[in-house]
Amino acid sequence: DALGRKFARIALGGVRDEAEIRGHRRTYVGSMPGNIIQTLLRVKESNPVILLDEIDKISRDIRGDPSSALLEVLDPSQNHTFKDHYLNFPFDLSNILFIATANSLETIQAPLLDRLEIISLPGYTLQEKLEIALKYLVKKQIEENGIPSTAIKIPEETLVQVINNYTREAGVRELERIIGSLCRKVAFLYSKHKQEEPDKEFETVLVTPQLCYEFLGPETYENDILERVIQPGIAIGLAWTSVGGKVLLVEVSMSKGRGKLELTGKVGETMKESVLTAIGWIKSNYHRIKIDMKAIDQRLDQKTKEVKGAESQVKDKEQEQPQQDNLFNKIDLHIHFPAAAIPKDGPSAGVTIVTAIVSLLTGRIVRPDVAMTGEITLKGLVLPVGGIKEKSLAAHGAGLKRVILPLRCKKDLEDISKDIRDQIEFIFVNRIDDLLNFALGEKIVEISEEDYNKGMEDVNNINLSLIHI
């Protein structure tokens, strides 16, 4: 309406035939124009706004590749001479405004992605979801479920409970379903009342949090992240998904062994490399980390007497080996990423992994209200990652008060609303040393002024164009 043009929608989900875009040749029985030309015939204009819905879900088979056919449709330098097989003559599509939607860019071909201008829409905050529900969703569901507006009243506190404990999404689709479920519960009571007491007026049902629990049953989600960080070896990370940010736990345990490393939780290759990078940095900086060997021996059930008894036999060998080799050669590390059925990958878990491992080795608990994200290097740098806004929203939704970010992600805070920035303290770090000293609540890693200056020089020399975020 604002552009003064007609609007049309083309659903591309599951489209696998190139003829859906380019049309069929007239030699075929039942031939017809492609969806683009059919849409123009339907709206009877040559310059409408066309929504290409779910462009990331286009399929392909032996009948052609529709995404390749869209290259000509969406390329401004070619679409003025678009040729539909049914029409068999050039047609000008340059006056059409195309808008495509997608949940993920990973499944879109690179040449097609090059024809598009990417506009990322992050998830809604709690306050935004609340406003949408109050102004739109509640009214819509009351009308769709056929009950008068006076039959039900859902206060803000109930909607907040529904958003926090019954939904985990970037949008409001699940929220709308649950509001509809509440309305149907009341619709049942309203219908029953009209049958039993048709002459008596129906009293408004105030859906309190207690009544909401009775209607919907046990809460689907619980904000128990803070309660799970109760011992060394656990850290809270932040991940980006196609439907918004997500809070990710990393758990590390050790046992007597011979240096074996085990990973569980359906992790990808990039995350496995982050684990190896974290262990490599710890080994090379072992002398600067305050690791209590005696406490580790006690946790491994190695009594002091047994150690002293064997000391005379292996004293010479131990002197030949660095202390860190002794530690990593006599323990097995097991790193687990909960929610094991969900695939996980990406470099942004590096800071979380190294923090969890150092927490276990030093016996110090990570601050339970701190989440973190960032890529690490063997030289101890913390590199920038993407999805900062979505990750910050996830941290806010989980009740976390502090978020550790790479220093070069400071510019991304401009995309975060002021009310979120006011409720979360953002800590920016350049090096793993600073990360550990803050996350563990005390100076765990000794750092000299020379190391600090060298690290700053390395950071300034990084060519960000070579870093894949």
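In this predicted model, the largest nonpolar core has 71 residues, and those with the most contacts inside it are Ile353, Ile357 and Leu361. Helix α14 (residues 350-362) supplies the largest share of this core, eight residues. If neighbours within four places in sequence are set aside, Ile353 is in contact with Val250, Met271, Ser274, Val275, Ala278, Ile335 and Phe337. In soluble globular proteins, nonpolar side chains tend to be buried together.

Among the strands, β8 (residues 234-241) is largely enclosed by the rest of the structure, because six of its eight residues are buried, that is, under 20% relative accessible area. Strand β8 runs antiparallel to strand β9 (residues 244-256), to which eight bridges join it, and within this pairing Ile236 stands opposite Leu249 of β9. Strand β8 is also joined by two bridges to strand β12 (residues 370-372), this time in the parallel sense, and here the bridge partner of Ile236 is Ala371.

Strand β2 (residues 49-53) is likewise mostly covered, with five of its five residues buried: Val49, Leu51 and Asp53 point one way from the strand, whereas Ile50 and Leu52 point the other way. Strand β1 (residues 7-11) pairs with β2 in the parallel sense over five bridges, and Ile10 has Leu52 of β2 as its bridge partner. Four bridges join β2 to strand β5 (residues 97-100), and these two strands also run parallel, with Val49 standing opposite Leu97 in β5.

Methods. Residues numbered from 1 in each chain as written. Predicted model: local features only at pLDDT ≥ 70, side-chain atom pairs only at ≥ 80, totals over all residues. Heavy atoms only, no water. Buried < 20%, exposed > 50% of the residue type's maximum accessible area, 1.4 Å probe, protein only. Pairing = 2+ DSSP bridges. Core = buried A, V, L, I, M, F, W, Y, C linked by side-chain atoms within 4.5 Å. Contact = heavy atoms within 4.5 Å.
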